[in-house]
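Please consult the sequence and the model while reading.

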Amino acid sequence: YEYNTATVNQSVGNTVALPSTFTVGGSASAEGFLKLSTDGNYLTMFGYNAAVGSAAPSGTAPATVNRVVARIDMSGNVDTTTKLTDSTGSARSAISTDGNGIWVTTSSGGSRYTTFGSTTTSVGLVGGNLRVAGISGGQLYISTAAAGVLGVATVGTGLPTTTGQTVTELSGMPTTGTHSSYDFFFKDANTLYVADDASSAANGGGIQKWTLSAGTWTLSYTLLNNGTTTTGCRGLTGLVDGSGNVELFATTTAATANTLIEVTDTGVNTSVFTVLATAPTGDAFRGVAFLTPVPEPSCFALAGLGLLALAASRRSRR
């Protein structure tokens, strides 16, 4: 789905149809994340080579049900030829620099590297239960809430393409407790926002703002968490406005009506969010990516700035 950032409480915007043989787990909270390539030319997501409505495709071996990277260009063309036979577990996210080199994350196969159009193999970087992948400043990052890492971590150094890498949690982020980190957005090298879907204010749910000083990351505050109630989030992206404030876009959890929201961080944790859209009945918003305007109208661009949120549907694929 595509939505315009300037309009509140929108109905469904423009849509891009995915192939009938590409699906994600409709009720899986850690699947369906949407990532924009660092060159801004492609959207990617990770799913399964299975008919829409297939029961529990993540439980079937990848040699039988391939894990598939869907690559979507800015004209709305969808390519699903990247079918992996050795990427086990739930298909969670895929990120690329230019649409060719692709890093994926899974629930049991860790992070793997592959190239566009590959059908038989990928390179395992690290193992483990990982959630969302991202790239910032030429470094590959992942989020997870397993194995003593409850936040964002680096995978190796730079953009690794070989085995034997190490997951290193950012210094200062929690290693114990109840944090539940999903998507994340770097404003710059020293400011990081992390979506946390915890439903309890005491557990840190909302959009966490972390800042780096003297080599250590510190939690400054959590947006959408007033100390009593919490708006948990999973998908997250953002941009810096003309005043230097960060405008964030997030998808909320089903417990909060599963909406697409916008909130501007003005330097205090009292910012109020605006609902841009609510997921249609039977759908669930998961991933979100921000697209800049293109010269000519297309199915991927509204007039002005566009925001695209992908809905992973239980009953149908839009």
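The points below are grouped by topic, after a short note on conventions.

This is a predicted model, in which local features need pLDDT of at least 70, side-chain atom pairs count only at pLDDT 80 or more, and totals for chains, interfaces and linings use all residues. Residues are numbered from 1 along each chain as its sequence is written, and side-chain values use heavy atoms, with hydrogens and water left out.

**Aromatic pairs**

- Rings of Phe, Tyr and Trp (its six-membered ring) pair if their centres lie within 6.5 Å; planes under 30 degrees apart count as stacked, over 60 as edge-to-face and the rest as tilted.
- By this rule the model holds 9 aromatic pairs.
- One of them joins Phe186 and Trp217 edge-to-face, at 6.3 Å centre to centre and 75° between the planes.
- Phe186 belongs to strand E15 (residues 181-188) and Trp217 to strand E18 (residues 216-223), so this pair ties together parts that are 31 residues apart in sequence; strands (E, at least two residues) are DSSP runs, numbered from the N terminus.
- Phe186 counts as buried at 11% relative accessibility, and Trp217 counts as buried at 7%; buried means under 20% relative accessible area (1.4 Å probe, protein chains only).
- Phe249 and Phe290 form a stacked pair, with 5.9 Å centre to centre and 15° between the planes.
- Because Phe249 lies in strand E20 (residues 246-252) and Phe290 in strand E23 (residues 285-291), the pair ties together parts that are 41 residues apart in sequence.
- Phe249 is buried at 0% relative accessibility, and Phe290 is buried at 12%.
- Tyr141, Phe184, Phe186 and Trp217 form one aromatic cluster.

**Charges over rings**

- A charge sits over a ring if NZ of Lys or CZ of Arg is within 6 Å of the ring centre and within 35 degrees of the ring normal.
- Lys35 places its charged end over the ring of Phe184, 5.6 Å from the ring centre.
- The charged end of Arg131 sits over the ring of Tyr182, 4.0 Å from its centre.

- In strand E7 (residues 91-96), 6 of the 6 residues are buried, so the strand is largely enclosed by the rest of the structure.
- E7 runs antiparallel to strand E8 (residues 101-106), and 5 bridges join them; two strands pair if DSSP finds at least two bridges between them.
- Ser96 has Ile102 in E8 as its bridge partner.
- E7 and E8 form a hairpin with 4 residues between them, and Gly99 in the turn has a positive phi of about 85°.

How values were computed. Buried means under 20% relative accessible area, exposed over 50%, partly exposed in between (1.4 Å probe, protein chains only).
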